[in-house]
Amino acid sequence: MRLLIVNALYPPHRIGGAETSVALLAEALARDGVEVHVATLDAGSAEQVVVERGVIVHRLPIDQYYWPWGGSRPGSGRRALWHWRDRWNRAAAARFGRLLDTVRPDLVHSHVLTGFGASIWPEVKRRGLSLAHSLRDYALICPRSALFRNGQPCVSRCVDCQLVTRPTRAASALVDAVAGNSDFILAAHRDAGRFKAVDGRSLFNVVPRPKRVSARPTEGPLTFGFMGRIEAEKGIETLLDALPHIGRDAWRLRIAGVGRGAYAERLRRQSDDPRIDWLGWADAGDFARSIDVLMIPSLWPEPLPRTLVEGVAHGRSIIAAASGGIPEVATIGRCIALFRPGDARALAGVMRGAIDHSAPWRTGGAASAEALDPFSERAVVAAHHEFYDAARRATTGP
């Protein structure tokens with residue numbers, strides 16, 4: 001099979017877990033004998049084709065007003081123009097159509113479409129190709145991709161969001177099979193009128209298990225850790241607000257990640273407790289080995305953070321907000337506690353309990369030997385072959 005995967009970014013461009021998950025999937029399928037092509041965006045002005053780890057990567061110039069990942073934040077007017085163009089980007093669709101004619105795939109599997117737009121889907125169907133789509137964010141129903149606005153999760157969809165994303169409602173019917181990395185994100189899209197009659201399922205990501213799980217010290221302060229983008233929707237302020245309410249001294253907090261300068265710098269200035277270490281970017285494995293408990297205090301309806309599964313795979317315990325799809329995987333860990341999103345006092349209570357009864361929290365990891373099997377390369381590749389078969393059946397019939 002010749003497969004074309006589409007994702008806004010691909011390593012080394014990386015802003016979150018989606019890029020890692022897509023790359024691991026592409027490489028795993030290539031090892032399984034699939035001819036894998038990836039279409040992704042690049043800040044350069046010329047198309048490039050490179051082979052990386054057995055995957056043929058097509059890096060395409062972005063047909064937009066500016067490169068949105070990194071650099072200075074543009075004014076609201078330019079951002080509005082960017083989102084309006086992204087709702088149905090004809091230039092990106094035409095460029096993608098030319099790529100389809102060059103690659104001639106048997107099936108197209110799209111993921112994050114920011115910068116491409118759902119306008120590429122008709123190009124796939126005009127050529128009679130099978131089309132599968134994986135939901136990794138909310139860009140098809142929310143221009144901000146997160147159902148999060150003005151520091152709060154969206155309870156209902158904004159009028160301007162409905163207007164900007166209206167074209168994706170009809171376009172979603174072109175998809176032959178759709179998957180979410182949680183039941184939650186798939187249901188959210190169906191509730192918003194997307195993929196109503198499309199074959200749907202949940203598919204996990206590949207999460208490699210470390211060759212060795214490092215033990216943590218059995219004494220000393222309990223070390224909590226946050227790893228992710230330093231942004232409001234990630235709930236970093238909830239975590240920082242919880243610290244004064246813990247009422248215990250035997251803790252440390254390590255924060256790994258980067259964010260927009262002014263916001264991250266303000267949080268650092270306001271949180272000058274010597275027990276807090278601001279690390280900036282950090283290697284995920286090294287970071288996991290340096291903490292006891294991974295914190296995921298997300299305010300936005302996180303579809304399913306790969307950091308949670310990675311933390312369990314590295315033998316760590318988890319404290320997480322009951323946001324989005326997080327509760328769906330809460331049973332994979334030996335020691336996982338959930339709290340209400342945004343409730344700093346509730347979070348402080350969970351952290352206090354972990355400090356007072358630290359022994360089980362220092363020895364986390366998987367709940368059973370089989371708990372992480374659904375995230376293995378073999379299981380994920382097999383599930384994706386079934387997913388692609390469903391898409392092909394919808395195109396060609398039984």
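Is phenylalanine 387 buried or exposed? Phenylalanine 387 counts as buried, because its relative accessibility is 0%. The model discussed here is predicted.

1. **Phenylalanine 387 and its partner.** Phenylalanine 387 pairs with tyrosine 388 through their aromatic rings. The ring centres are 6.0 Å apart. The planes make an angle of 35 degrees, and the pair is classed as tilted. Tilted covers the range between stacked, under 30 degrees, and edge-to-face, over 60. Tyrosine 388 is also buried, as its relative accessible area is 0%.

2. **Aromatic pairs overall.** How many aromatic pairs are there by the rule used? The count is seven. One of them joins tryptophan 67 and tryptophan 69, with ring centres 4.9 Å apart. Their planes stand at 75 degrees, so this pair is edge-to-face. The cut-off for that class is over 60 degrees. Tryptophan 69 has 17% relative accessibility and therefore counts as buried. The limit for buried is under 20%.

3. **Charges over rings.** Two arginines deserve a look. Arginine 85 places its charged end over the ring of tyrosine 65, at 5.2 Å from the ring centre. Arginine 87 does likewise with tryptophan 84. There the distance from the charged end to the ring centre is 4.0 Å.

4. **Alanine 92.** This residue belongs to helix H3, which spans residues 90–103. Its relative accessibility is 5%, so alanine 92 counts as buried. Which residues does alanine 92 contact, leaving aside neighbours within four places in sequence? They are Asp63, Gly115, Phe116 and Ile120. Alanine 118 is 26 residues away from alanine 92 in sequence. In space, the C-alpha to C-alpha distance between these two alanines is 9.8 Å.

5. **The second largest pocket.** Its volume is about 300 Å³. The lining consists of 13 residues. Closest to the pocket centre are Leu147, Cys154, Val155, Ser156 and Pro301.

6. By class, 10 of the residues lining the second largest pocket are nonpolar. One is polar and two are charged. Among the residues closest to the centre, Leu147, Cys154, Val155 and Pro301 are of types that count as nonpolar. Ser156 is also in that closest group, and its type counts as polar.

Conventions
Residues are numbered from 1 along each chain as its sequence is written. This is a predicted model: local features need pLDDT of at least 70, side-chain atom pairs count only at pLDDT 80 or more; totals for chains, interfaces and linings use all residues. Side-chain values use heavy atoms; hydrogens and water are left out. Helices (H or I, at least four residues) and strands (E, at least two) are DSSP runs, numbered from the N terminus. Buried means under 20% relative accessible area, exposed over 50%, partly exposed in between (1.4 Å probe, protein chains only). Contact means heavy atoms within 4.5 Å. On a 1 Å grid over the protein atoms alone, a cavity is a set of points where a 1.4 Å probe fits but cannot get out, and a pocket is an open set with protein on both sides within 12 Å along at least five of seven lines; lining residues have an atom within 4 Å of a point. Grid points are joined across faces, edges and corners, and a volume is the space filled by probe spheres set on the points. Rings of Phe, Tyr and Trp (its six-membered ring) pair if their centres lie within 6.5 Å; planes under 30 degrees apart count as stacked, over 60 as edge-to-face and the rest as tilted. A charge sits over a ring if NZ of Lys or CZ of Arg is within 6 Å of the ring centre and within 35 degrees of the ring normal.
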